[in-house]
Amino acid sequence: MNVLGIESSCDETGVALVRATAAGTPTLLAHALHSQADMHQAYGGVVPELASRDHIRRVLPLTRQVLVQAGASLADIDVVAYTRGPGLAGALLVGAGVACSLAAALARPVIGIHHLEGHLLSPFLSADPPAFPFVALLVSGGHTQLMRVDAVGEYTLLGESIDDAAGEAFDKSAKLMGLGYPGGPALARLAEFGDPTAFALPRPLLHSGNLDFSFAGLKTAVRTQLMKLGSNVCEQDKAHLAASTQQAIVDVLVRKSLQALRDTGLTRIVVAGGVGANARLREQLDAECRKRQVRVHYPELALCTDNGAMIALAAAMRLQCNASQASFDYAFSVLPRWPLTAEATT
Ligand code: KG4
Ligand code: ZN
């Protein structure tokens, strides 16, 4: 079974082709991605209308590219998968519309996938795939969640951010420092030249006893420090502030992840979503988990941020469990707000 996956929930158009047999981990045949980061850079963040229009321009050329790379043709596609939510409504509609039209034209079934389920399962495409059950730390631009994952579709929310997501904390702090968009990777690069202990920044909810997160106060603390430093802040102080900000976020993510492992008694953790690409987070989590004989799994670096492969993979894994989840009903709706633990409603 070959599954074509289309991701268009935010500012990346991703398309991929995954092959799955009745059992065993599906394999990635080809994937292609277009990031709109350069286009949104000028506005300091994603402009939804521009994002939707760009998805329209990119999705078919990327689909052609994937088929060429895989040495496949349209007739080789057995199922079409798309991101149904959460995300930007207009952007999601592009992927959903193209996926359902393509499936209808090819007389193939179609399946809508939860974006976070894609992230969560993405380490199954890595050279060192996890085994169920595991704790998942989902850290993206829009979400920060700890989940217990027992099987495909069996997700229990353990804790989540009550305000900003970890990626949002990176992005907003980077914007305050004038580092452009997307801020996470830029802030991480600058942090390499700074001292993470230079500024005392808050670690909100670190000792709350539960698994919830809060990052909104951190951004305010960064703003306060920048005001104290004044308008001609030197590059070294900026690097110190970047390193201190990154460290505050990483400390909270690592501490809560370890608590989730303790609370559940599980010995495996999967880290997924854009912030999972952060080298400092990986280094610190790896070190702490090694001490506790906990295995840590990450997606391949290229599949940490949004991509089509994770959507095709999640669809393939869902269909391996229950083939009737794909449908020949080509009417579609998207779910811009959709908790991972809730059943999809039309
Ligand atoms: O998963 P993703 O591509 O999109 C969403 O589903 O939101 O995650 C994007 C987020 C952005 O906030 C970006 O700044 C952050 O991931 N990010 C990073 C790094 N790479 C991406 N944050 C910190 N360090 C990185 N290396
Ligand atoms: Zn994402």
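Two strands count as paired if DSSP finds at least two bridges between them. With that in mind I opened this notebook on a predicted model.

**Entry 1. The sheet that holds E4 and E5**

I looked up the pairing of E4 and E5 and found it parallel, over five bridges. I then picked out individual partners. Thr-83 lies opposite Ile-113 of E5, and Gly-85 lies opposite His-114 of E5.

I next traced the sheet as a whole. It is open and has five strands, in the order E3-E2-E1-E4-E5, with mixed pairing. E5 and strand E3 (27–35) are the edge strands; each has a single partner strand, so one side of each lacks a neighbour in the sheet. On average, neighbouring strands here are turned by 20 degrees against each other, direction ignored.

I asked how many of the five residues of E5 are buried. Four of them are, so E5 is largely enclosed by the rest of the structure.

**Entry 2. Helix H10 on this sheet**

I examined what lies across these strands. Helix H10 lies across E1, strand E2 (12–19), E3, E4 and E5, and runs at about 135 degrees to E1. H10 has 13 residues and reaches 19 Å from its first C-alpha to its last, close to the 18 Å expected at 1.5 Å a residue.

I checked the burial of H10 as well. Ten of its 13 residues are buried, so the helix is largely enclosed by the rest of the structure. Among the buried residues of H10 are Met-310, Ile-311, Leu-313, Met-317 and Leu-319. The cover over the buried residues of H10 includes E1, E2, E3, E4, E5 and H4.

**Entry 3. Helix H3**

I compared the span of helix H3 (residues 89–106) with expectation. Its 18 residues should span 26 Å at 1.5 Å a residue, and the end C-alpha atoms are 26 Å apart, which agrees.

I listed buried residues of H3, including Leu-92, Val-94, Cys-100, Leu-102 and Leu-106. The buried residues of H3 pack against strand E1 (2–7), helix H2 (48–70), strand E4 (79–85) and strand E5 (110–114). Just after H3, I noted that Ala-107 takes a positive phi of about 55 degrees.

**Entry 4. The zinc ion**

I asked which protein donors the zinc ion (ligand 2) has. They are His-115 (NE2), His-119 (NE2) and Asp-306 (OD), lying 2.0 Å from the ion. Along the chain these donors follow the spacing H-x3-H-x186-D. His-115 belongs to helix H4 (residues 115–121) and Asp-306 to the loop between E10 and helix H10 (309–321), so this pair ties together parts that are 191 residues apart in sequence.

**Entry 5. Thr-305**

I looked at Thr-305, which is found in the loop between E10 and H10. Its relative accessibility is 33%, and it therefore counts as partly exposed. Leaving aside neighbours within four places in sequence, Thr-305 is in contact with His-119 and Gly-274. As a check on distance, I took Val-334: Thr-305 and Val-334 are 29 residues apart in sequence and 21 Å apart in space, C-alpha to C-alpha.

**Entry 6. The sheet that holds E9 and E10**

I turned to another open sheet of five strands, with the order E8-E7-E6-E9-E10 and mixed pairing. Strand E8 (154–160) and strand E10 (295–297) are at its edges, each with a single partner strand, so one side of each is without a neighbour in the sheet. From one strand to the next, the twist averages 25 degrees.

Strand E9 (residues 268–272) pairs with E10 in the parallel sense, over three bridges.

**Entry 7. Helix H5**

I asked which residues of helix H5 (residues 166–176) are buried. They are Ala-166, Gly-167, Ala-169, Phe-170, Ser-173 and Ala-174. These residues cover an arc of only 160 degrees around the axis, which puts them on the same side of H5.

I then looked up what they pack against: strand E6 (134–139), strand E7 (144–151), helix H6 (183–191), helix H7 (216–229) and helix H8 (235–264). After H5 comes Gly-178, whose phi is positive, near 75 degrees.

Note on methods:
Residues are numbered from 1 along each chain as its sequence is written. Chains are lettered from A and ligands numbered from 1 in the order in which they are written. This is a predicted model: local features need pLDDT of at least 70, side-chain atom pairs count only at pLDDT 80 or more; totals for chains, interfaces and linings use all residues. Side-chain values use heavy atoms; hydrogens and water are left out. Helices (H or I, at least four residues) and strands (E, at least two) are DSSP runs, numbered from the N terminus. Axes are lines fitted to C-alpha atoms, for helices over the stretch in contact, and angles run from 0 to 180 degrees between N-to-C directions. Buried means under 20% relative accessible area, exposed over 50%, partly exposed in between (1.4 Å probe, protein chains only). The arc is that of the directions from the helix axis to the C-beta atoms. Contact means heavy atoms within 4.5 Å. Donors are N, O and S atoms within 2.8 Å of the metal (3.2 Å for Na, K and Ca); water is not among the atoms, so sites may look incomplete. The expected span of a helix is 1.5 Å times one less than its number of residues.
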